[in-house]
Amino acid sequence: KANRKFHPEDTIVDVSGVKIGGGHFAIMAGPCSVETPEQVIATAKAVKEAGATILRGGAFKPRTSPYSFQGMGPEGLELLVMAKKETGLPIVSEVMDPSQLQYFDEVDMLQIGARNMQNFTLLKEVGKLNKPVLLKRGLSATYEEWLMAAEYIMSEGNTQIVLCERGIRTFETKTRNTLDVTAIPMIHELSHLPIIMDPSHAAGMSRMVRPLSLASTGGGADGLMIEVHIDPAKALCDGPQALRPDQFASLTKEVFALRDVL
Ligand code: PEP
Ligand code: MN
């Protein structure tokens, strides 16, 4: 179902009115984690002003250490929904387990995180829903494994899938991960599903977000996912890779200018 051979037409995913794929480009932005009402609202307003069309924010966080901040849970999703009502931006948030799906009714797009890319039970559950899914690439997943994960979702009926390259594990240790730009043309060749790029989790450092965003945009990505925090130094999660709203605004200007000449 995900194979381009059998479905030559580009899939256009509609996230509550925001289209991705088939020439439609979308920027999702927001904090790694929802932390306070003030933080979410301020970030939502700022990223909307800068041209983002979807608000991201984690409420259930897959942290490496069980002692790190695990996210606000259902209360975090309530804050995201509040920001959606305030700004009109659709929202995307990560679901880690089928038992959490009960809290996602008002969430416009479900994110499957890199660590859950092959959680087949979870993939099948979101496959039964009528809601777009953002499927992140696993830390060491091949294109084939990634597309087969999408296939799990599609096999249950849900074909509204956006793939997200977020950096993979390589021998390099200087960066958090290595952004695989080749994934853009290769996925477009193998599949009709849209692919967006996440330069924030790829490099793990804010100063790399601009060059990687421009490389991704120039390389034909269908969109970007970028972490933005009003005060990165105080962020409870992924602060070092977060852009301040003003940095994000200058980045989107460059991204849109580049899109115009493609
Ligand atoms: C995130 O988007 O905050 C996240 C945890 O992403 P990933 O699954 O790509 O690490
Ligand atoms: Mn993050």
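A residue is called buried if 20 or more other C-beta atoms lie within 10 Å of its own, exposed if 12 or fewer, and partly exposed in between, with C-beta atoms placed from the backbone. The legends below describe a predicted model, in which local features need pLDDT of at least 70 and side-chain atom pairs count only at pLDDT 80 or more, while totals for chains, interfaces and linings use all residues. Residues are numbered from 1 along each chain as its sequence is written, and chains are lettered from A and ligands numbered from 1 in the order in which they are written.

**View 1. Thr159 in the loop between α4 and β8.**
Thr159 is found in the loop that links helix α4 to strand β8; helices (H or I, at least four residues) and strands (E, at least two) are DSSP runs, numbered from the N terminus. Thr159 counts as partly exposed because 19 other C-beta atoms lie within 10 Å. Leaving aside neighbours within four places in sequence, Thr159 is in contact with Lys1, Thr11 and Met154, where contact means that the C-beta atoms, placed from the backbone, lie within 7 Å. Thr159 and Leu193 are 34 residues apart along the chain, and their C-alpha atoms are separated by 8.9 Å.

Not counting residues up to four places away in sequence, Ala150 touches Ala2, Leu135, Ile161, Leu163 and Leu193.

**View 2. Strand β7 and its two partner strands.**
From strand β7 (residues 133–136), Val133 and Leu135 point one way and Leu134 and Lys136 the other way, and all are buried. Strand β6 (residues 109–112) is joined to β7 by 3 bridges, and the two run parallel; strands pair if DSSP finds at least two bridges between them. Leu110 stands opposite Val133 in β7. The chain passes from β6 through helix α3 (residues 120–127) to β7 in a right-handed β-α-β crossover. Right-handed here means that, with the strands pointing away from the viewer, the path from the first strand over the helix to the second runs clockwise. Strand β8 (residues 161–165) is joined to β7 by 4 bridges, again in a parallel arrangement. The bridge partner of Val133 in β8 is Ile161. From β7 the chain crosses through α4 to β8, and this β-α-β crossover is right-handed.

Leu129 sits in the loop between α3 and β7. Leu129 counts as partly exposed because it has 16 C-beta neighbours inside 10 Å. Leu129 and Asp105 lie 24 residues apart along the chain, with their C-alpha atoms separated by 10 Å.

**View 3. The shell around ligand 1.**
The residues around ligand 1 are Cys32, Gly58, Pro62, Gly113, Ala114, Arg115, Lys136, Arg166 and His201, each with its C-beta atom, placed from the backbone, within 6 Å of the ligand. By class, this shell holds 3 nonpolar, 3 polar and 3 charged residues. Ala, Val, Leu, Ile, Met, Phe, Trp, Tyr, Cys and Pro count as nonpolar, Asp, Glu, Lys and Arg as charged, and the others, Gly among them, as polar. Lys136 of the shell is also one of the buried residues of β7.

**View 4. Strand β10 and its pairing with β3.**
Strand β10 is largely enclosed by the rest of the structure, because 5 of its 5 residues are buried. Gly223, Met225 and Glu227 point one way from β10, and Leu224 and Ile226 the other way. The parallel strands β3 (residues 26–30) and β10 are joined by 5 bridges. Gly223 in β10 is the bridge partner of Ala26.

Asp238 has a positive phi of about 55° although it is not a glycine. Asp238 is placed in the loop between β10 (223–227) and α8 (245–261), and it counts as buried because it has 21 C-beta neighbours inside 10 Å. Ser16, also not a glycine, has a positive phi of about 45°. Ser16 is found in the loop between β1 (13–15) and β2 (18–20), and it is partly exposed because 14 other C-beta atoms lie within 10 Å.

**View 5. Pro211 in helix α7.**
Pro211 lies in helix α7 (residues 209–218). Pro211 counts as exposed because it has 12 C-beta neighbours inside 10 Å. Pro211 and Pro199 are 12 residues apart in sequence and 8.8 Å apart in space, C-alpha to C-alpha.

Methods
Two residues are in contact if their C-beta atoms, placed from the backbone, lie within 7 Å.
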